[in-house]
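Open the model in your viewer and keep the selection panel at hand. The stops below go one selection at a time.

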Amino acid sequence: MTADSSSAHVAVIGGGATGAGVAHDLALRGIRVTLLERGELTSGTTGRHHGLLHSGGRYAVGDRESATECIRENGTLRSIAPGSFEENGGLFVALSDDDMDYLDTFLDACAACGIPTIVHKPDAALWLEPGLNPDVKLAVEVPDATVDPMRLVLRFFATAQRNGADLRTFTEVTGLSWSGRTVTGVLARDLVTERDYELTADLVVNAAGPWSGQVARLAGIDVPMRLSPGVLLAVEGRFCGRVLNRLHKPSDGDIIVPQRGLSVVGTTSWVVDDPDVPPVPADHVARMYAEGATLVPALAAARQRAAWSAVRPLVGGGGATTGRELSRTFQCFDHKPTDGVDGLVTITGGKATTLRAMAQAAADAVCAKLGIAAPCRTAETVLAPFSAYYQERGERQ
Amino acid sequence: MTATATDMSGQQPQEGSRRLRIARRRPREEGTHLEEFTVEVGPDATLLEALREIRSHHDNSLTLRYSCCHSSCGICGMRMNGREVLACITRLAEAGPGPILVEPLANARVEHDLVVDMRELYESVEPAHRPLIRQDDLLAGLGVGDTSPPFARFEDCIECGLCVSACPIVGSDSRYVGPAALTAAWRSVAEPRGADPADVLAWVDDEQGCWRCHASFECAEACPAGADPAGAIMALRGELARRQLARIVRLGRRER
Amino acid sequence: MTVTSQAPRPAHRRTAGPLRAVLGWARLRGGHLGAAAFLTNRVTGLLLVGYLYLHLGVLYLLTEGPGSWASVLRLFKNPYVLALESLLILFICLHGLNGLRLALVETGTGVRHQKAWFAAVLAVSTGLYAVIVLAMYEVI
């Protein structure tokens, strides 16, 4: 017998892209959702990412699964969130002979993943992007786009809120409530009123990104994760109209994403244990300038607006040292079969471009556990404007 | 970085540390009180880094908004020593020596601590048709005469509310629509994208619309995104003045 | 989308009284010529209006006959009072020339150069004031 979705209550821990996607998907299926975030929404990794809506070109050679997910979700996001992207495409730029050697592999891999490509000769590339390094040998155009990291995700939250989700910001999860080996809810602390309370739920979803490990540990579970921060640099001046990538194996500082009047160069990759306040090593910033300048020479003299770091929550563990070798796909852990803990599901990994697909997998798992047969409709549902989140919020209880 | 709370007896802070006096407020509480923290900082530390340090390692009940950390989302707006800033790109060093006063934005209802109600800002921008995307072809680092095909991009305005906080007219008259709304209105007029700008112009052509501004240019000074609210307001007036003159000229021609 | 011709009124803000209005001016971040112009215009405006009342008051004394008029003239020949009155020239120049700047800038002309305009207003006003005062005291 399938349960009625409206009688179920799911608690989602984490106010980033993952939590947003899951809250939206579940709310759309008629499930009552309460989301808990210890800061402001998107204040974790989500708000800080590069702002690149991936075509998947970057992963086509080394991570086919990821690339195929990206190109599919690239199209879906454009249709459900119109107006949230700078839709100018992107270029993979070949500057050296090594880059040119990579070309055929790259084009074949893109074709295999369903990523459309257009090859531009140097003069065409320079006409498209006059700021490009004049030694450009070739440029491959792909359907990359710029996205505003916070505003896109706020659209998911705004829609979930419209569908009845209760989004509780500045609320920290301090523990879980139990009945035997089943999680029956969360123990929460409202950081504004400094009030502790218990919130019961039929299922708890751990969508805390880099903090998923900490949340899982509240249940005595060890989720195999590697935390990999990267440094990003924003400089004043828009040096390119579209996204620029270096045509080679993924490496440091090989992407420039223009955002409004700024250019964001990124990124680097290393591994840490603590997801809070990752450092911003000065040599990484210098490397961003240097690498960015190989693509766009004028960038070397650009003024720094900001340099920051964000932590990627990568799935898997053991053996990885730079973070780049691990898969960028996502995983959903039902802790009942793996750890003997019922009532708790962890969804982690992933990237901003695939947030909707991640959420679909998680929501499907949630519904299966709750015995609810409601189909996913997020791929066809146009999202509310992000300002609706602020305009339609109720008063804090 | 490390943080400790101290009393405000004016002890000398150590080398490399800064004192922050932060306005704290809880909902349903009358008034605000200042709480002081001492933070060990590097020379380039931003206000946001200091506040996150306090939040992570000393008092996690200190509530503030932040997201992108590079002046793109606009939600970390606050006042540092009375000046409107985005915390993520403002170095503590800009505050000069001595304790730093950190307050939420002005001219908006404070929800708690440094978090203000953004509803009004978004509601004020609604009648301007909320322009979000624009056409552009201005690339930095290029000489005059270089041409590049136009590209679509997000509008400069990141709806941070610094202009509204800085405006002395908003500070003294609650009916003025404010610089943020008028900047959006100008963008709708300058780049209509198929819509008719006449209704936006009719909306701003009001004593509480674009004519209420008294040219203090505080908004343009405060704007971190180069949206030039003052320029937008004057451009709206210029457009309205031109249309009015044209009407008068046409009237004159008809009568002859 | 419905558009009202009257600007929407924000829900929570109270209408300000005169004190709050003046305090609103005092809250300027300062440090830039635009704010300096704004403040200068208001201060000179208030002072000029104040002077106008003074002027009307003095003219009224004309109706009181030659005796009271003579005592007023004696007051105005006081060098300190003359110096204060000469400030009038500075205020009129500042307010008037800034007014011209505003007439242009506030209808969209030369907005980008508004700071330079005000620098010119300051220069011309102080220059003119200096020349007139020096002429008054017969230095030039």
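Predicted model: local features only at pLDDT ≥ 70, side-chain atom pairs only at ≥ 80, totals over all residues.

For the model as a whole, the scores are ipTM 0.93 and pTM 0.91.

**Stop 1: chains A and B**

Select chain B together with chain A. Their contact takes 42 residues from chain B and 41 residues from chain A. On chain B, show α1 (47–57), β7 (110–112), α2 (119–125) and β10 (151–154), the elements that give two or more residues to the side touching chain A. The largest share of that side comes from β10(B), with four residues. Colour this side of chain B by residue class, and it divides into 20 nonpolar, 12 polar and 10 charged residues.

**Stop 2: the domains of chain A**

Next, pick out where the domains touch: 17 residues of domain 1 of chain A are in contact with 17 residues of domain 2 of chain A. On the domain 1 side, α2 (45–48), α8 (212–217), β19 (330–334) and β20 (344–349) of chain A each supply at least two residues. The residues on that side are five nonpolar, 11 polar and one charged.

**Stop 3: confidence along chain C**

Select chain C and colour by pLDDT. The chain averages 80, and 77% of the residues score at least 70. Finish at residues 1–15 of chain C, where pLDDT stays under 50 and the model has 23 contacts beyond four places in sequence.

How values were computed:
Residues numbered from 1 in each chain as written. Chains lettered and ligands numbered in written order. Contact = placed C-beta atoms within 7 Å. Nonpolar A, V, L, I, M, F, W, Y, C, P; charged D, E, K, R; others polar. pLDDT = per-residue confidence, 0-100.
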